[in-house]
Amino acid sequence: MDTLSLKTQSATPATITKEWVVVDATDQVLGRLCAKVAKILRGKNKPNYTPNMDCGDNVIIINAEKVKMTGSKFTDRVYLRYTGYPGGQREFTPETLMKKSFKLRANGHHPLYTKVVKGMLPKTRLGARQLDNLYVYNGSEHPHASENPKVIDINTVK
């Protein structure tokens, strides 16, 4: 038996191919959508996945305001953050983050989606780099048409 044929092939920066993907969030459950998006951002859906390399695709989420949460989580779930100062614990709900996203209109950054997807990525510099590949827009328009993104149905992603 030839043992050279059984070696594991790791991805290198030269062999990685990054694509642009558009995902429609209309009537999707937030956590399930973000879990699948995190898998695409990490590149775990590709055959040449390597844990220490950024092999994932760039993901554009459109219609972000049309996402839903089951039960009354949209108003009752409480997220926490800490400012670093005494008495600096802040509480916020998904509803307040969604309202903030309409005020900010930042370039592809949505506070609710960033919070949820960030929790599903590694807590390292690699995870921060992978989170930079996420672009979220409230409407159906996005400024990344020049990248020729392909539209995928998120329900077919495993």
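These legends accompany several close-up views of a predicted model.

**View 1. The whole chain at a glance.** The protein holds five helices and six strands, taken as DSSP runs (helices H or I, at least four residues; strands E, at least two) numbered from the N terminus. Along the sequence they follow the pattern β-α-β-α-β-β-α-α-α-β-β. Of its 158 residues, 41% count as buried, meaning under 20% relative accessible area with a 1.4 Å probe, protein chains only.

**View 2. The open parallel sheet.** Here you can follow four strands in the order β5-β2-β1-β6, with parallel pairing; two strands pair if DSSP finds at least two bridges between them. Because β5 (134-136) and β6 (150-151) each have a single partner strand, one side of each is left without a neighbour in the sheet. Strand β1 (residues 20-24) is joined to β6 by two bridges, and Val-22 has Val-151 as its bridge partner in β6.

**View 3. Helix α1 on the sheet.** Packing on the sheet, helix α1 (residues 30-42) touches β1, β2 (58-62) and β5, where touching means heavy atoms within 4.5 Å. The direction of α1 makes about 155° with that of β2, using lines fitted to C-alpha atoms (for helices over the stretch in contact) and angles from 0 to 180 degrees between N-to-C directions.

**View 4. The β3-β4 hairpin.** Strands β3 (residues 79-82) and β4 (residues 89-92) pair in the antiparallel sense over four bridges. Leu-80 has Glu-91 as its bridge partner in β4. Six residues lie between the strands of this hairpin, in which Gly-84 takes a positive phi near 105°.

**Notes.** Residues are numbered from 1 along each chain as its sequence is written, and side-chain values use heavy atoms, leaving out hydrogens and water. In this predicted model, local features need pLDDT of at least 70 and side-chain atom pairs count only at pLDDT 80 or more, while totals for chains, interfaces and linings use all residues.

How values were computed:
Buried < 20%, exposed > 50% of the residue type's maximum accessible area, 1.4 Å probe, protein only.
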